[in-house]
Amino acid sequence: MCRAEATKARILHAATEEFAAYGIAGARVDRIAKAASANKNLIYVYFCNKDGLFDAVFDAHLGRGLDLVPFTPDDLPDYAGRLFDYYQKHPEVLRLATWHRLERGTAVEQDPAAAEPARMGKLASLEAVRKDRGGTPGFAPATLLTLVLAIASAWSPTNAASMPATSVLASDPADCRSAIMEAVRRLL
């Protein structure tokens, strides 16, 4: 990795932590530069502005999440369980998505730059499974995907309806995962 790429990677790492903690408006370029051991001007050279840096962080994490949690339309309970596992290991992903929705005013699934192609692929896969099963009645693919994603993030700290971590999650994350998978099973 060349020096410029290493610096850019450090900036993205520091920016991930900053944006996850403070959002777009609350994040400070000075803190990001200091945490990355980088010149503040390089942030503007590489990313143009703070919004451009947030977009780079958001796209990197959204893309990574989509790649690391393969979509299995024929086994949605397992998919929801694997999403839960991913969110537990990478809480910054849901925090970034929440800040994106709060400050940009659009849902992650509606972001045309990164999420729309993946979302459309998932919807097409769900429709194909539905057709393979004889067009069984049930939720439309868009509704089903939305519900599965919401259930998978039920114990996220960004979910206002979630019980405090000390009540359920801290005692046994496996119980939470099992409940998520069972909820999706019953939804189907």
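1. Buried denotes under 20% relative accessible area, exposed over 50%, and partly exposed the range in between, computed with a 1.4 Å probe on protein chains only. By this criterion Tyr-79 counts as buried, because its relative accessibility is 2%.

2. The model is predicted, so local features need pLDDT of at least 70 and side-chain atom pairs count only at pLDDT 80 or more, whereas totals for chains, interfaces and linings use all residues. Residues are numbered from 1 along each chain as its sequence is written, and side-chain values use heavy atoms, with hydrogens and water left out.

3. Aromatic pairs are rings of Phe, Tyr and Trp (its six-membered ring) with centres within 6.5 Å; planes under 30 degrees apart count as stacked, over 60 as edge-to-face and the rest as tilted. A search of the whole structure finds 5 such pairs. Phe-19 and Phe-54 have ring centres 5.1 Å apart and planes at 85°, so this pair is edge-to-face. Because Phe-19 lies in helix H1 (residues 3–26) and Phe-54 in helix H4 (residues 50–68), the pair ties together parts that are 35 residues apart in sequence. Helices here are DSSP runs of H or I with at least four residues, numbered from the N terminus. Both Phe-19 and Phe-54 are buried. The rings of Phe-71 and Tyr-79 are also edge-to-face, with centres 4.9 Å apart and planes at 90°. One aromatic cluster is formed by Phe-19, Phe-54 and Phe-58.

4. Phe-47 is found in helix H3 and is buried, with a relative accessible area of 8%. Leaving aside residues up to four places away in sequence, Phe-47 touches Lys-8, Ile-11, Leu-12, Gly-52, Leu-53 and Ala-56, where contact means heavy atoms within 4.5 Å. The C-alpha atoms of Phe-47 and Lys-8 are separated by 9.4 Å, although the two residues are 39 residues apart along the chain. After H3 comes Cys-48, whose phi is positive, near 75°.

5. Helix H6 (residues 91–104) has 14 residues and should span 20 Å at 1.5 Å a residue; its end C-alpha atoms are 20 Å apart, which agrees. The expected span is 1.5 Å times one less than the number of residues. Buried residues in H6 include Val-93, Leu-94 and Leu-96, and also Glu-92 and His-100. Gly-105 follows H6 and has a positive phi, near 75°.

6. The structure holds 0 disulfides, a disulfide being a pair of cysteine sulfur atoms within 2.5 Å. Cys-2 is partly exposed at 40% relative accessible area, whereas Cys-176 is buried at 0%.

Key:
Helices (H or I, at least four residues) and strands (E, at least two) are DSSP runs, numbered from the N terminus.
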